[in-house]
Number of protein chains: 4
Amino acid sequence: MAGRARTDHALERLVFFSDAVFAIAITLLVIEIHPPRFDRAVGTDALHLAALANLVPEFMGYIISFFVVGMFWMGHHRSFALAAHYHPRVLWWNLLLLCTIAFMPFASAYASANVQQRVPTIFYCGAMLLAALLNLRVNTIATSPPMVSAKAAPADAARVRGRGIGVVLGSATAVLISFVEPRFGQVGLVTIPLWQLLLMKRWARAPA
Amino acid sequence: MAGRARTDHALERLVFFSDAVFAIAITLLVIEIHPPRFDRAVGTDALHLAALANLVPEFMGYIISFFVVGMFWMGHHRSFALAAHYHPRVLWWNLLLLCTIAFMPFASAYASANVQQRVPTIFYCGAMLLAALLNLRVNTIATSPPMVSAKAAPADAARVRGRGIGVVLGSATAVLISFVEPRFGQVGLVTIPLWQLLLMKRWARAPA
Amino acid sequence: MAGRARTDHALERLVFFSDAVFAIAITLLVIEIHPPRFDRAVGTDALHLAALANLVPEFMGYIISFFVVGMFWMGHHRSFALAAHYHPRVLWWNLLLLCTIAFMPFASAYASANVQQRVPTIFYCGAMLLAALLNLRVNTIATSPPMVSAKAAPADAARVRGRGIGVVLGSATAVLISFVEPRFGQVGLVTIPLWQLLLMKRWARAPA
Amino acid sequence: MAGRARTDHALERLVFFSDAVFAIAITLLVIEIHPPRFDRAVGTDALHLAALANLVPEFMGYIISFFVVGMFWMGHHRSFALAAHYHPRVLWWNLLLLCTIAFMPFASAYASANVQQRVPTIFYCGAMLLAALLNLRVNTIATSPPMVSAKAAPADAARVRGRGIGVVLGSATAVLISFVEPRFGQVGLVTIPLWQLLLMKRWARAPA
């Protein structure tokens with residue numbers, strides 16, 4: 001039982017560390033957007049509105065990335081809520097996932113600074129696809145033996161994985177669209193909830 | 001009871017993640033203020049004092065934003081102290097709130113860099129109004145069934161919402177003032193405690 | 001007892017939020033130091049060593065500020081370890097303290113960028129004196145009724161305050177020295193442990 | 001028992017603060033990589049691919065530093081999982097370790113910006129050697145009396161230290177290689193797992 005308490009503590013600390021990295025990465029997304037600055041003598045309302053309009057792609061990129069990272073966090077949240085035991089195998093996969101998440105502020109800033117261009121859009125959606133794959137791996141480990149709690153309903157574990165697969169399919173769709181028509185690349189991410197809905201229909205047999 | 005423990009854990013992790021985003025956003029507020037730098041041969045006391053005097057709007061903006069974000073955190077703190085159960089509905093509203101909070105370093109830097117100009121002041125106060133509305137929504141969900149604790153006094157829940165409504169009214173006042181006279185826009189925020197006092201008189205029937 | 005559990009939870013969340021702000025402020029200290037960058041064709045060892053030598057004031061400033069903020073965190077740590085009850089009064093004083101701590105990356109970068117100049121040195125030591133005063137106030141509230149634990153030894157509370165007064169006196173010494181001879185201003189901070197030792201002799205009657 | 005609970009709380013808060021600093025430092029590693037930015041009229045795929053190719057050393061540096069800081073975090077994690085009691089001695093050593101960890105974003109950015117040059121490579125590997133030595137010191141304190149848990153298996157403590165010594169030897173190897181041939185300096189870090197494996201063979205007598 002001493003060992004039990006210790007491994008649970010290890011699980012808690014892993015979750016805490018992951019939460020912190022998710023929270024910092026998500027909050028750093030904004031710092032690559034630089035505020036326009038005009039002298040009071042020059043800065044008319046029209047000039048400011050034009051400067052803000054110029055930043056719209058950055059704002060959109062911020063919001064999309066915030067919700068994407070937030071979605072990864074929620075998946076992590078949901079899958080580790082089903083885990084009761086720590087296992088060293090999750091440590092490295094989780095670190096790989098966090099490495100990709102902490103990279104998101106760069107990928108997001110790069111895509112927003114070069115909006116509607118092919119390479120930056122593919123780069124961004126590709127980074128997300130990588131995160132989605134690692135996310136699925138980590139969530140599958142956390143919801144499988146030996147980590148999963150004996151009290152966790154199998155349907156809950158299946159639902160967590162179904163969501164994860166939806167993110168993978170949606171990100172892959174976005175990468176494919178970016179190759180063909182970069183302008184609609186990030187729109188491909190909108191298919192994530194559609195894929196999830198589709199998969200949920202197959203998995204969701206237990207009550208929420 | 002296993003389910004109970006699990007949802008409580010979900011609530012805790014949500015609170016933790018929110019706290020981290022609040023803490024990071026509040027601490028990032030300062031990094032848009034760039035320190036003046038003079039060579040030792042040039043940097044007289046007078047030059048330094050003038051450079052610091054130039055930064056006074058930035059300092060004021062930092063302090064105002066720090067207390068505004070701090071106030072949002074305190075509202076979150078107070079309302080989730082009354083919650084005992086997790087409910088998925090709060091997740092998305094909370095993420096929207098955090099998205100606005102994490103955006104504050106940009107809004108604050110933009111307003112401070114263009115002090116007393118109409119568009120930046122409205123932009124800043126508008127961002128705060130949006131955060132105030134989302135904050136009210138999240139706090140209302142957290143202090144309502146099914147999330148609210150059976151042991152929470154209804155007067156406490158009412159007080160938390162009263163404070164939230166005060167922030168909404170104060171932010172709206174600031175937006176309105178900014179349209180008419182940008183120089184006094186942020187002064188409008190001072191009305192937040194006044195609105196709260198006014199509303200508290202109606203709600204505060206239970207002891208603090 | 002429900003109320004008891006709730007206020008303890010409020011205390012925990014306050015401590016958590018404060019810890020996060022301390023941790024972020026302390027980790028942001030480094031980001032105002034910009035790495036030198038030379039092309040491979042140009043970057044000889046001598047050039048790099050000279051560039052690093054130029055950064056020595058920045059490195060020193062980083063280390064001093066890291067330990068000063070670390071010391072504030074330790075004081076917070078020690079005093080809240082003696083607290084068992086939450087009281088709303090501590091909330092605002094703590095927010096003021098955190099506002100000053102989160103400001104440290106600016107004050108530290110400003111002093112390091114203008115090393116040995118009077119105004120920046122006074123500014124930095126003054127920011128620290130302000131933090132020291134707020135720190136003393138917060139720690140005194142946390143180690144006094146109604147917050148202090150019934151089990152806390154009065155000698156421990158006295159020791160925490162003695163340390164806090166030592167930081168105030170050391171910071172005030174640094175401010176005074178900076179007025180007279182800026183080059184030795186930060187050296188004044190070295191007197192903090194001396195003041196603490198002096199005060200400890202009077203307070204430290206209980207075993208560590 | 002009151003005292004016991006209090007010191008355990010001190011240990012928890014120390015671990016929490018350390019986790020936060022590790023998490024922030026690891027997430028800040030990316031912000032020194034600045035995204036390329038091209039106008040839509042100019043930004044061809046070839047131009048973007050060339051710009052990204054230019055950033056490969058930065059990307060490699062990010063990944064290496066992420067895993068090195070992650071490894072330090074895991075060592076901290078593992079050793080404090082074996083500790084059950086708080087002791088003030090660990091406080092200062094831990095603060096020194098965190099000071100070096102929080103410095104990593106600078107060292108990493110400096111090395112990546114001046115790839116394959118001698119001084120930056122030695123500086124980076126030297127910073128890591130310092131962190132490795134402090135890490136070993138902190139982990140040894142945490143896994144020795146009076147901090148170590150009575151229930152911790154001596155073999156686990158030995159394994160934690162063995163890993164720590166492996167990091168020291170690997171970092172020292174990297175420093176030595178950097179002096180002779182900077183291009184392969186960071187490759188020296190690959191020897192860390194080799195040293196650990198070598199040492200593990202001697203220590204690992206207990207089941208994982």
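## Gly162 of chain D

D:Gly162 is located in helix 6 of chain D, residues 154-180; helices here are DSSP runs of H or I with at least four residues, numbered from the N terminus. This is a predicted model, in which local features need pLDDT of at least 70 and side-chain atom pairs count only at pLDDT 80 or more, while totals for chains, interfaces and linings use all residues. Residues are numbered from 1 along each chain as its sequence is written, and chains are lettered from A and ligands numbered from 1 in the order in which they are written.

D:Gly162 counts as partly exposed because it has 19 C-beta neighbours inside 10 Å. A residue is buried with 20 or more other C-beta atoms within 10 Å of its own, exposed with 12 or fewer, and partly exposed in between, the C-beta atoms being placed from the backbone. The C-alpha atoms of D:Gly162 and D:Met200 lie 6.4 Å apart, although 38 residues separate the two in sequence.

## Helix 4 of chain A

Helix 4 of chain A (residues 89-113) contains 25 residues. From first C-alpha to last it reaches 38 Å, close to the 36 Å expected at 1.5 Å a residue, where the expected span is 1.5 Å times one less than the number of residues. Of its 25 residues, 21 are buried.

The helix bends by about 40° at A:Met104, and A:Pro105 follows within four residues. The bend is the angle between axes fitted to the seven residues ending at a residue and the seven starting there.

## Chain contacts

Chain C contributes 28 residues and chain B 26 residues to their contact, with residues in contact if their C-beta atoms, placed from the backbone, lie within 7 Å. On the chain C side, helix 1 gives the largest share, 12 residues.

Chains A and C do not touch, their nearest C-alpha atoms being 9 Å apart. Chains B and D likewise do not touch, with nearest C-alpha atoms 9 Å apart.

Conventions:
Two residues are in contact if their C-beta atoms, placed from the backbone, lie within 7 Å. Helices (H or I, at least four residues) and strands (E, at least two) are DSSP runs, numbered from the N terminus.
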